[in-house]
Amino acid sequence: MLDRTDKRILTVLQADGRISTVELAERIGLSPTATSERLKRLTREGYITGYGARLDPRKLGLELLVFVEVSLDKTTPDIFERFAEAVRRAPEVLECHMVAGGFDYLVKTRVADMAAYRRFLGDVLLSLPGVTETRTYAVMEEVKSDGALPVN
């Protein structure tokens, strides 16, 4: 169970994953040693799963963000697993979620432009196991994309 200090640590780390342990300790009011021990425990218990940099997709030439509804021909465990294994190998796929409702998966991808998306759709997505239908939603404006989780 997380206490208030643990939650403050997680909140600060989401905003700045490069913060030093000493600076983090100062911000939360603990000693650096106690803060380091809490970080180790939070990592060991799986609350902290890793560290990374947030990159600007536009600077990397990845201007187009697209969400795709994917329907499969069968909803059997073997088709789900084959699809999941294949989608994990597709570098263009940022996220993929099995959903309940009128389709099976929601895929989030980012590519250079609509021509690159059409290539991805034809060469990758439609060739994945079991895919029978897709619906594409090109993002016109990203309203919120900071990715921080609410730590209550």
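**Strand pairing, cores and burial in a predicted model**

Modeller: Strand 1 and strand 4 pair in the antiparallel sense over 7 bridges. The structure under discussion is a predicted model.

Biologist: In what order do the strands of the open sheet stand?

Modeller: The sheet has 4 strands, in the order 2-3-1-4, with antiparallel pairing. The twist from one strand to the next averages 20 degrees.

Biologist: Why are strand 2 (93-98) and strand 4 (131-138) said to stand at the edges?

Modeller: Each of these strands has a single partner strand, so one side of strand 2 and one side of strand 4 lack a neighbour in the sheet.

Biologist: Why is Ser71 called buried?

Modeller: The relative accessible area of Ser71 is 13%. Buried means under 20%, and Ser71, at 13%, is therefore classed as buried. Ser71 has its place in strand 1. Not counting residues up to four places away in sequence, Ser71 touches Gly102, Phe103, Asp104, Gly130, Val131, Thr132 and Glu133.

Biologist: Which residues of the largest nonpolar core touch the most other members?

Modeller: In this core of 23 residues, they are Val68, Val70, Leu72, Phe83, Tyr117, Leu125 and Leu128. Strand 1 (64-72), helix 4 (77-88), strand 3 (105-111) and helix 5 (114-123) are the elements that give two or more residues to the core. Leaving aside residues up to four places away in sequence, Leu125 touches Val68, Val70, Phe120, Val131 and Thr134. Another core, of 11 residues, lies apart from the largest one and has Ile9, Ile28, Leu39 and Leu42 among its members.

Biologist: What puts the buried residues of helix 2 on the same side?

Modeller: The buried residues of helix 2 (residues 21-28) are Leu24, Ala25 and Ile28. Their arc around the axis is only 100 degrees, which places them on the same side of helix 2. They pack against helix 1 (4-15) and helix 3 (32-44). Just after helix 2, Gly29 adopts a positive phi of about 80 degrees.

Biologist: How many Å apart do the C-alpha centres of domain 1 and domain 2 lie?

Modeller: The domain assignment of the chain gives domain 1 (4-45) and domain 2 (57-138), and their C-alpha centres are 36 Å apart.

Technical notes: Residues are numbered from 1 along each chain as its sequence is written. This is a predicted model: local features need pLDDT of at least 70, side-chain atom pairs count only at pLDDT 80 or more; totals for chains, interfaces and linings use all residues. Side-chain values use heavy atoms; hydrogens and water are left out. Domain bounds come from an automatic or database domain assignment. A nonpolar core is a set of buried Ala, Val, Leu, Ile, Met, Phe, Trp, Tyr and Cys residues joined through side-chain atoms within 4.5 Å. Buried means under 20% relative accessible area, exposed over 50%, partly exposed in between (1.4 Å probe, protein chains only). Contact means heavy atoms within 4.5 Å. Two strands pair if DSSP finds at least two bridges between them. Axes are lines fitted to C-alpha atoms, for helices over the stretch in contact, and angles run from 0 to 180 degrees between N-to-C directions. The arc is that of the directions from the helix axis to the C-beta atoms.
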